[in-house]
Structures are given as structure tokens and as C-alpha cells.
Amino acid sequence: MRINYSKYRFPKGSTLNQQPPQPGEIWEVNRSVYSPLEFSPQEQQHLFPDSARRFLAGNAPPRYVMIVKEPESPVAAEEWQVVSVMVLSLNTDFLSSVDLLIPATLSGVRQNLLAQTWHVLPMLTCNLSHPIGKRLSREIYDILLNVGDYYHGLIDQPSSASEIELCGLKIGKGLPEQKPEIQVFHQQEEAWSTVLNVPVAAYNVYLKTMNLTAAIVEDAVQIEQELIESGANFWVQSQSNFHRENWRTSGEDRAVKK
């Protein structure tokens, strides 16, 4: 693993030359992983499970995410931007109380999507490929986040099934933890999501490295400044002592002559 110092080496069509992702937009995920750290093939083998490696190799269907929170500053302002996303899937066989179906008529995507409301992650915007379909309405966006927040215990009142269905989404019956197949699906999706969170982890390591380097440089400059000042003080002191010694010697010589 080594730091990638090529700040603007992004994939073709990346968000660097596009408008910042907006909440409610659906984006396709890049099949190439970009981060401030470059991984060797051996490290990639270790970091990414089979499902992630199949996707990156182009041997799995495309993947999509919904933007939950836009970057805090414009994408073009710095080379690595982090955005919060909700994972979506083309596999709609695992409908549950937290895996809601978004019909194609709502998303503008050719296929129905499964919104994993429980699965919200940070990712680097350079690993977003391009927006697809339509931006989801604020009502649908709020419902999706509300369902996920309730699942994680962040709010007390969930959206009712009628509210969810009224806005066009479809909900499965029963709690996901009561269905073993849903648990397995969630585990598989968490494994795949290393495509998103490994680059973010690499970015955090990069930041720590840069901060440490900056701190070392700052300390070195401070030490150098202190040495310069100490050297200057020593020179001034030595010159003063020299002149005092000369004055004392001259005075003694004059006394002897008298």
C-alpha cells in the first residue's frame, strides 16, 4: 500500500467535472476503486470479498446508490470528497420492513430497485459514475430515511405501512431479523459494500498521514527556529563576554604600567 500523490487522477466521467450529487439522486457506482492509497493485487485480494471483486471485474450487475447527504463543500474544491449514500440493489427478492421496493415508475430507472434503508454509508464521490433516472421526491426521500432511522433506534415513531405505500413504495411483511434469508442477504450486502467503505478507510489513513507529516514539518521548523534563536543568543552572549574580557584585560594592563 502506498500513497497516491496524483491528486486529480480520477476515472473518466467522474464527478470532478459534474455538479455535486444532490440528496434523492440515484447514481451508478464505478467499477474501478479510486482512493488516496494504491493497493497491490494481493492487498485487493485480502480487502475485498468475492462479491466485491466480481463487481469490480465486471462480472456482476451494476450497482446503484441514493444520495443521502451531499458533500459539505463543492466537489471541485478538493480532490477527495465524501458523500453519504443509501445502498440500492437490483435484487428485489428480499422485500422486508427495511428493504423497500422503489418501482421503476418512481425512479426513472429501467428496473425496480430495492432500497436498503438500513444500509447508509459514506463513500468517495470519485467512485460515483453518473446519475441515472429521476431524482426521488422529498416525500419518498424522507420515508426511506425515516424507516432506516427507526430500524437503528434513532427515532421513536416509524412510518406506517400505509404511509409507505401511499407514496408509491412497497414494503415486505414481518421484521427482517425474523427471516433467516433476509439476514443472509444483509450479510452479503455488507460484504459487497467494501467497494464503498474501503476507499473511505484509505482516505482516513491518508488524512492521518498528511496530518502527521504536517505536524512533523511544523515541529522541525519550530526546532530549527529555536536553534537559530539559541545560536543567535549564544553568539551575542559570547561576543559580550569577549568584549568584557578584553576590557578587563586592558584595564589590568593599564594598572600594571602605572
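Analyst: Gladly! In α6, the residues Ile182, Phe185, His186, Glu189 and Trp192 are buried, meaning under 20% relative accessible area with a 1.4 Å probe and protein chains only, while exposed means over 50% and partly exposed lies in between. They cover an arc of only 120 degrees around the axis, so they sit on the same side of α6; the arc is that of the directions from the helix axis to the C-beta atoms. This is a predicted model, where local features need pLDDT of at least 70, side-chain atom pairs count only at pLDDT 80 or more, and totals for chains, interfaces and linings use all residues. Residues are numbered from 1 along each chain as its sequence is written, and side-chain values use heavy atoms, leaving out hydrogens and water.

User: Why is the pair of Phe55 and Trp192 called edge-to-face?

Analyst: Rings of Phe, Tyr and Trp (its six-membered ring) pair if their centres lie within 6.5 Å; planes under 30 degrees apart count as stacked, over 60 as edge-to-face and the rest as tilted. The count comes to two aromatic pairs. In Phe55 and Trp192 the centres are 5.4 Å apart and the planes at 80 degrees, so this pair is edge-to-face.

User: What makes the pair of Phe94 and Phe185 stacked?

Analyst: Their ring centres are 4.5 Å apart and their planes at 10 degrees, so the pair is stacked. Both Phe94 and Phe185 are buried.

User: How do you know that Phe55 is buried?

Analyst: Phe55 has a relative accessible area of 1%, so it is buried. Trp192, at 3%, is buried too.

Methods: Helix = DSSP H or I, 4+ residues; strand = E, 2+ residues; numbered from the N terminus.
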